[in-house]
Amino acid sequence: MNPFKKTGKSVSIFITAGYPKKESLTEQILFLQDQGIDFLEIGIPFSDPMADGPVIQETSSIALKNGMNLAVLFEQLSGMKEQIKIPLVLMGYLNPILQFGVDSFLIKCESAGISGLIIPDLSFELVEKKYQHSFGSSKIPLIYLITPATSDSRIAQIAQLSTKSFIYLVGQNKITGSSYSLSEHQVRYSELQLLSNGVPLFLGFGISTAAQKQEASNYTDGVIIGSAYLQALSKKTEEEFLENLLS
Amino acid sequence: MKITETIRPDELGFYGEFGGAYIPELLRPAVEELTNSYRSYCFTERFKSEYLDLLKNYVGRPTPLYFAKNYSQKYGTKIYFKREDLCHTGAHKINNTIGQILLAKHMGKTEIIAETGAGQHGVATATVCALMGLNCIVYMGEKDMERQSPNVQRMKMLGAEVRPATCGSKTLKDATNEAIRHWINFPDSYYLIGSVVGPHPYPEMVAYFQSIISEEIKNQLREIESAPPSKIIACVGGGSNAAGAFYHFYSNEKVELIAVEAAGEGLESGKSAATSILGSPGVIHGSFTLLMQDSFGQVTEPHSISAGLDYPGIGPLHAHTLSLGRTKSIPIRDDEALNAALECCRLEGIIPALESAHALAALEKLAFNPEEIIIVNLSGRGDKDMNTYQKAFQNL
């Protein structure tokens, strides 16, 4: 069964673990779940986030200064397992996971009830070649990114690997938090919907408004919002932001 | 150029366990386009003749293999300097930028981006962009822009736009992150990387363009000596001059290859850049290699008096050959490099770059017999380091 599949459209929020405070994660998960968010992505902070824009760079660097790391992250999650009702996805660059130890990382993810992993710098080719016995044979699915420029055959391959999770559609070839217009890509999005072959398709990187969310629902199964939410969080206007977004 | 006799990575870009392309999907089409263009173009006769013509008439190659008589006397052996410091723009960096700019031009690119630490690669990139009439944007850490302001001015005079990297530690690794982000946002631009680092195919490609150094050493030495060199010594930050100087000798096990790393203020000081000794395997800038990191996998900030060696990673080719024992690493402290620089000035009348001074300092750490042939790759000249030298030697 696929925890990310539902009737109707989903809204997902990305938060950086350890931002704004080391202990914020617990509070944020419960808050967002209460607000009706369908699933969450928890960002593992990294010193060199090469696909991220200024907002996520900044929150990552604050989180690291706050003392966030994978050991702390799993400790915080294990303390609240019973209270979590929505799927959680961990998203982070490969290096901190390698240093934690891939096998122990996967065991910890399993016991924390993690539903998926997004590791932007790990392609499925690398999983096949280097990590078949760890990531490749884990119960926790890896979630892959595609962009409007990803080839049809590659999307078909990714769809096959994603039957227990979803495909993360990066709306445009831009780092996180960049603004853009959805309609420019709508033809391609409609094609992607077909290629994804029933695997949920969620759109992220640059989504910030209720109007974009609405427009995205024509082509995808939902949206993922990161930088815009973190920005609201930094201004302490997150409640207002969600109210506008979800109304 | 021959490429048959060297170490080549596998199809996914791995040298043994090191290398590969650990890149986000957003970069994949651009990296694939680059890989295909490199494979189909850079081994053609047309490319080679243009490349070699520019190296000869624009860069000033072949650079001399100079018998350093006074050094030889002092160390009781035969010491040769490969004079990369005599290249146009003052260092070996331009061998690579010439190769890549011809590729970029062939690919129809109009905008070139680059990262730079000390500014040498930035200057070499700005130079070839001016030559080819292409737009040039160089990312440079805000801190490095202050440290190396003459090179910022040179790049600007050459028509490049220099953009400060203001994130993280504001040095080379952050400039590299910014250049990668730019490439994600503008995949039609050409990212001209400056060392044997980054995702496949960069390490292979940059090593190939720098391999002219060892090709010349081989040919030049054949005319003067009857044996191959016993040791080749080169400094390693990311490792492009070392890769070039070692390239055609990897297959000859009799030639000892010595990679000199910057120990900064000392290996134990917490202020060092000796990656092969202090680092561990991990992923940096799209490549699985050795890097300096904390126990949680966060990349740590290195230190070296030489901005060109001030990088927390090392090219995957070097990680591989070091792990095989084919290459040996020697750490050199800031103060040892400064002394070696002064020694080179006084003995041979050559002011070396601080990076190259690290390679020279390694001579003190080695024992020689008189019949040996030692080659030190003098990767760059010291003009850019005059501020540092002035401070260090104010009492001369």
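## The model and its confidence

Residues are numbered from 1 along each chain as its sequence is written, while chains are lettered from A and ligands numbered from 1 in the order in which they are written. This is a predicted model, in which local features need pLDDT of at least 70, side-chain atom pairs count only at pLDDT 80 or more, and totals for chains, interfaces and linings use all residues.

The predictor gives the complex an ipTM of 0.95 and a pTM of 0.96. pLDDT is the predictor's confidence in each residue, from 0 to 100. Chain B has an average pLDDT of 95, and 98% of its residues score at least 70. Residues 1–6 of chain B stay under 50. For that stretch the model has 12 contacts beyond four places in sequence. Two residues are in contact if their C-beta atoms, placed from the backbone, lie within 7 Å.

Some terms come first. Helices (H or I, at least four residues) and strands (E, at least two) are DSSP runs, numbered from the N terminus. Two strands pair if DSSP finds at least two bridges between them.

What is the strand order in the open sheet of six strands? In chain B it runs β3-β4-β14-β9-β10-β13, with mixed pairing. The edges are β3 (65–67) and β13 (327–333) of chain B. Each has a single partner strand, so one side of each lacks a neighbour in the sheet. From one strand to the next, the twist averages 25 degrees. Within this sheet, β4 (residues 78–83) and β14 (residues 373–378) of chain B run parallel, joined by six bridges. B:Tyr80 stands opposite B:Ile375 of β14(B).

Two helices lie across strands of this sheet. Angles here run from 0 to 180 degrees between N-to-C directions, and axes are lines fitted to C-alpha atoms, for helices over the stretch in contact. Helix α14 (residues 334–348) of chain B lies across β10 (256–264) and β13 of chain B, at about 90 degrees to β13(B). Helix α15 (residues 354–361) of chain B lies across β9 (231–235), β10, β13 and β14 of chain B. Its direction is about 145 degrees to β9(B).

## The four-stranded sheet of chain B

Chain B also has an open sheet of four strands, in the order β7-β6-β5-β8. Its pairing is parallel. The edge strands, β7 (161–165) and β8 (190–191) of chain B, each pair on one side only.

Strands β5 (residues 111–116) and β6 (residues 135–141) of chain B are parallel and share six bridges. One bridge partner in β6(B) is B:Met140, which faces B:Thr116.

## Helix α4 of chain B and its partners

Helix α4 (residues 93–106) of chain B packs with helix α9 (residues 202–210) of chain B at about 115 degrees, with axes 8 Å apart. That makes α4(B) roughly perpendicular to α9(B). Angles under 35 degrees count as roughly parallel, over 145 as roughly antiparallel, 65 to 115 as roughly perpendicular and the rest as oblique. The crossing is right-handed; a crossing is left-handed if the near helix is turned anticlockwise from the far one by less than a right angle, and right-handed if clockwise. From α4(B), the contact uses B:Asn95, B:Asn96, B:Gly99 and B:Gln100, and from α9(B) it uses B:Val206, B:Phe209 and B:Gln210. By class, that is two nonpolar, five polar and no charged residues. Ala, Val, Leu, Ile, Met, Phe, Trp, Tyr, Cys and Pro count as nonpolar, Asp, Glu, Lys and Arg as charged, and the others, Gly among them, as polar.

Helix α2 (residues 45–59) of chain B also meets α4(B). Their axes come within 10 Å and cross at roughly 140 degrees. That makes α2(B) oblique to α4(B). This crossing is right-handed. Residues of α2(B) in the contact include B:Phe47, B:Tyr51 and B:Leu54; those of α4(B) include B:Ile94, B:Ile98 and B:Leu102. The contact of α2(B) with α4(B) has eight nonpolar residues, two polar and one charged.

In chain A, β2 (residues 39–43) and β3 (residues 88–91) pair in the parallel sense over four bridges. A:Ile42 stands opposite A:Leu90. β3(A) also runs parallel to β4 (residues 116–118) of chain A, with three bridges.

How many residues does each chain give to the contact? Chain A gives 31 and chain B gives 26. On the side of chain A, α4(A) provides the largest share, six residues. By class, this side has 17 nonpolar, nine polar and five charged residues.
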